[in-house]
Amino acid sequence: MQHAGIETDVAIIGGGPGGSTLASLILKYAPHRRVLVLEKEKFPRDHVGESQLPAVAGIIHEMGCWDQIEDAGFPLKVGATYRWGTTEELWDFDFIDPREVERIDRPGRYEGPRRFTAFQADRARYDDILLRHAEALGAAVMEESQVVKIHRDGDRVESLELRDGRIVTASYYIDASGHIGVLRRGMGVKTKAESSLRNIAMWDYWENADWAAEIGVGGTRVQVMSQSGGWMWFIPLGPTRASIGFVCPVDHYKTSGLSADALYRQAIANDAHISSLIEHATPRGTTRTTTDWSFTSERLYGDNWFLVGEAAGFADPILAAGLTITHAGARELAYILNDLFDEPRDAEWLKASYADTQLRRIRQHIRFADFWYAAKGRFEDLKEHCVRIAGASGVRMTPEAAWRWLAQGGFAHDGPGPPTTKTDAPPSLKQVLGKLAATKREWALETLNVLTLNLDDVDREVLPVFVEGKVVREAHWVRGQDRLILTGHYGMLSEVLAEESDLSKIVERIKRYCADGGGGRQPSLRQVMESLEAMLNERWVVGSYDTNKPCLALGRLEHDDQVHWNEAGASTHTV
Ligand SMILES: Cc1cc2nc3c(=O)[nH]c(=O)nc-3n(C[C@H](O)[C@H](O)[C@H](O)COP(=O)(O)OP(=O)(O)OC[C@H]3O[C@@H](n4cnc5c(N)ncnc54)[C@H](O)[C@@H]3O)c2cc1C
């Protein structure tokens, strides 16, 4: 039987966060574009993966639906509580000082401290809000429309076939179908397991669980609790609902001889903290499982197709980075597609840089996850483990350098402002490292007072940057895996460092930059100092200590915007 065809500019397979972010941002910046989202299910539908990182909030804001998400009343996430590493004690890690959250009224606006909070989002509602938003911006959304076949001619997609036999043709085809990767498979793209970790996750939803830690007006922390066989997550999703999961090596599951449901119940019973939170709660009763999910795709694009979100690759959920990587990748792809419709001369370069950035982020998080699991052992073992992970990427390093590279590497290259699309800002990351390794780590900037640019083995390359709907071609420094954009804070810092080496003079210039509005970005002093710290960590800058000069005391930057100097033999004073 002959079916009527559907023709569009961009056909997106999958209406999850990847698909709806892509559709929304294409249409925000090019409202005339025809965008079709093909979704297998009828929304709202359940999905695992609820705990976000703060970087997502900025993208939701750019999409124009932050207010709708905020109105849904999802619990605010200010950080995480861990039982991990060298201690059996519970310890907290926060994106933001919880005292700031106590002053927050909800629903609020995307401003001030709300730029540094995240949501614990019930995915059925969250994904539905995003999809409806894409529709409101002009996307044609077809639910219960499963793509069952990819018609191809070599590396070109010719059309998509739906379950009801209809055929969709488009200028570009996007796989946002999640781990299934329907177009990825259809185009014969292989996947690669990037980690030796072979884990299985099992989870269920609970009604009437206690909130693990309530901080002020609805602030919460995700609970990450290790136990001998694996680790558990507890994510409060609303006044009565919680997502509770158990992750363990597949071998542990197999040798236990238990069903997934029985092992899940046993893990909960083993954990007194989680058990106490669900004393009065009832499970939905359908324990779901997924295995072996850490992978990357060998290719992320072809002639007229792209992979985005989890179809492109996935990192173990220990750091809750999946949605951050998905939203960020979909945002960049929206910019790139709009640019490609103008047929730029550098299309191949643009596509390759998209793939390069996404793969680097996913791999970085997979390696970071390896690092976290390794941190359950001794610190010395952990450093050696870091050398092996670095070696697998073709980087030869000492244990200390490998540790630093894994913990902080690649975080400084993502945008003209402070580092984004990462787990946390470098100094906060150091608090985590301290907890894992039982060693105290301070700002490197507090121990140095003479800074010099280090441009050994550095190339200057033009790379795409995604600003206000436009792909901007900007100069970067590139060294191995690392990239540093030469605009925004980093551009200013590079210029200052080329002229000054005395830290006190550098700080004066930074303060002037902030006072003048930081090129319209209104950065805080702390943000710019974090960028400088990131440059130091990534060796764009090297430092030394001159005994005749004062050192910085940056600890109080967490609470105010003053820089304090600690002069040799003198008490700390504020400049
Ligand atoms: C155990 C586990 C825990 C996780 N925890 C977290 C966490 O705490 N925080 C976090 O940020 N991330 C987490 N994640 C990751 C997160 O769930 C994903 O990163 C995110 O869902 C990816 O979004 P996506 O849009 O790419 O894919 P999805 O959200 O999977 O959406 C894909 C959509 O495509 C549709 N689809 C599939 N096939 C077809 C087809 N043939 N035709 C049409 N439509 C189709 C599906 O129905 C679905 O709606 C976790 C993942 C797992 C497995």
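Biologist: Which residues gather in a patch of negative charge on the surface?

Modeller: A few conventions come before the case. This is a predicted model, in which local features need pLDDT of at least 70 and side-chain atom pairs count only at pLDDT 80 or more, while totals for chains, interfaces and linings use all residues. Residues are numbered from 1 along each chain as its sequence is written, and side-chain values use heavy atoms, with hydrogens and water left out. A patch is made of residues with over 30% relative accessible area and no salt bridge; like charges are joined within 9 Å, and nonpolar side chains (Val, Leu, Ile, Met, Phe, Trp, Tyr) within 5 Å. Lys and Arg count as positive and Asp and Glu as negative, whereas His and the chain ends are not counted. The place of a charge is NZ of Lys, CZ of Arg, CG of Asp or CD of Glu. Here the negative surface patch consists of D456, D457, D459 and E461.

Biologist: Where is E461 found, and what is its relative accessible area?

Modeller: Helices (H or I, at least four residues) and strands (E, at least two) are DSSP runs, numbered from the N terminus. E461 belongs to strand 21, residues 459–467. Accessible areas come from the Shrake-Rupley method with a 1.4 Å probe, and for residues only the protein chains shown count as cover. On that basis a residue is buried under 20% relative accessible area, exposed over 50% and partly exposed in between. E461, at 36%, is partly exposed.

Biologist: Which peptide bond has an omega near 0°?

Modeller: The bond from F43 to P44 has that omega and is cis. P44 is placed in the loop between strand 2 (35–38) and helix 2 (55–63). The bond from R106 to P107 is also cis, with omega near -5°; P107 lies in the loop between helix 4 (98–102) and strand 5 (118–119).

Biologist: How many bridges join strand 1 (residues 5–13) to strand 9 (residues 167–175)?

Modeller: Two strands pair if DSSP finds at least two bridges between them. Strand 1 and strand 9 run parallel and are joined by eight bridges; I12 stands opposite I174 of strand 9. Strand 9 also pairs with strand 18 (residues 305–307), in the parallel sense over three bridges, where Y173 faces W305. With strand 8 (residues 156–162), strand 9 runs antiparallel over two bridges, and E161 stands opposite I167. Strands 8 and 9 form a hairpin with four residues between them, and G165 in the turn has a positive phi of about 95°.

Biologist: In what order do three strands form an open sheet?

Modeller: The order is 10-17-19, with antiparallel pairing. Strand 10 (191–192) and strand 19 (313–314) are the edge strands, each pairing on one side only. Strand 17 (residues 295–297) pairs with strand 19 over two bridges, and the bridge partner of T296 in strand 19 is G313.

Biologist: How many salt bridges does the count give?

Modeller: Side chains of opposite charge can pair when their charged atoms come close. The rule asks for a side-chain nitrogen of Lys or Arg within 4 Å of a carboxyl oxygen of Asp or Glu. The count here is 28 salt bridges. One of them joins R132 to E135, with the closest N and O atoms 3.0 Å apart. These two residues lie three apart in helix 5 (residues 123–136), about one turn of the helix. In helix 11 (residues 347–374), R360 and D356 are four residues apart, about one helical turn, and their side chains meet at 3.3 Å, N to O. R360 is buried at 11% relative accessibility, whereas D356 is partly exposed at 42%.

Biologist: Which residue forms a salt bridge with D204?

Modeller: The partner is R284, with the closest N and O atoms 3.7 Å apart. D204 lies in strand 11 (residues 199–207) and R284 in the loop between strand 15 (282–283) and strand 16 (288–291), so the pair ties together parts that are 80 residues apart in sequence. D204 is buried at 0% relative accessibility, while R284 is partly exposed at 38%. Both belong to a network of salt bridges that links D46, D122, D204, E207, R241 and R284.

Notes
Buried means under 20% relative accessible area, exposed over 50%, partly exposed in between (1.4 Å probe, protein chains only).
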